[in-house]
Amino acid sequence: MRKRLALTTLACVPFLAAASCQTAAITEPCDVLVPINPAPATNSYLVANDRVTAVAIAQHRGRYQKYRCGK
């Protein structure tokens with residue numbers, strides 16, 4: 001009896017997981033974009049020492065401005 005119950009439970013796990021994994025649809029890019037405004041000293045440090053992060057911040061700012069978030 002226990003073996004049958006365990007097998008039944010294991011068979012239902014994928015369906016339970018799928019039913020509980022509902023996410024809200026994102027309708028606006030501004031729902032997830034937040035402003036990133038480091039201090040000028042931080043900007044200078046990132047440009048000099050961490051170019052990858054500086055480029056990522058610049059790209060993020062471009063997307064933030066493109067969608068006119070925060071207005």
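Q: Why is His-60 called buried?
A: His-60 has a relative accessible area of 11%, and buried means under 20%. Its 11% falls under that cut-off, so His-60 counts as buried. Keep in mind that this is a predicted model.

Q: Where does His-60 lie, and what does it touch?
A: His-60 lies in helix H3. Leaving aside residues up to four places away in sequence, it touches Leu-33, Val-34 and Ile-36.

Q: What makes those count as touching?
A: Contact means heavy atoms within 4.5 Å, so His-60 has heavy atoms within that distance of Leu-33, Val-34 and Ile-36.

Q: Let's follow one of those partners. How do you know whether Ile-36 is buried, exposed or in between?
A: Ile-36 has a relative accessible area of 31%. Buried would need under 20% and exposed over 50%, so 31% puts Ile-36 in the partly exposed class.

Q: Where is Ile-36, and how far is it from His-60?
A: Ile-36 sits in the loop between H1 and H2. It is 24 residues from His-60 in sequence, with 7.8 Å between their C-alpha atoms. Besides His-60, Ile-36 touches Ile-57 and Arg-61, again not counting residues up to four places away in sequence.

Q: What makes Cys-30 and Cys-69 a disulfide?
A: A disulfide is a pair of cysteine sulfur atoms within 2.5 Å. The sulfur atoms of Cys-30 and Cys-69 are 1.9 Å apart, inside that limit, so the pair qualifies. By this rule the count comes to one disulfide. The pair links distant parts of the chain, 39 residues apart: Cys-30 is in the loop between helix H1 (2-20) and helix H2 (40-49), while Cys-69 is in the segment after H3. As for handedness, the link of Cys-30 and Cys-69 is left-handed, with -90° about the S-S bond.

Q: How do you know which class Arg-68 belongs to?
A: Arg-68 has a relative accessible area of 62%, and exposed means over 50%, so Arg-68 is exposed. Arg-68 lies in the segment after H3. Its phi is near 55°, a positive value in a residue other than glycine.

Q: What makes the chain's pattern α-α-α?
A: The protein chain has three helices and zero strands, and reading along the sequence gives α-α-α.

Q: How many of the residues count as buried overall?
A: Of the 71 residues of the protein chain, 11% count as buried. The chain exposes about 6300 Å², with carbon and sulfur atoms supplying 62% of it.

Q: How do you know which parts of the prediction to read with care?
A: Check pLDDT, the predictor's confidence in each residue, from 0 to 100. The chain's mean is 82, and 76% of its residues reach 70 or more. Among the elements, H1 has the lowest mean pLDDT (68) and H2 the highest (94). Where pLDDT is low, the predicted coordinates should not be read in detail.

Technical notes
Residues are numbered from 1 along each chain as its sequence is written. This is a predicted model: local features need pLDDT of at least 70, side-chain atom pairs count only at pLDDT 80 or more; totals for chains, interfaces and linings use all residues. Side-chain values use heavy atoms; hydrogens and water are left out. Helices (H or I, at least four residues) and strands (E, at least two) are DSSP runs, numbered from the N terminus. Buried means under 20% relative accessible area, exposed over 50%, partly exposed in between (1.4 Å probe, protein chains only). Accessible areas come from the Shrake-Rupley method with a 1.4 Å probe; for residues, only the protein chains shown count as cover.
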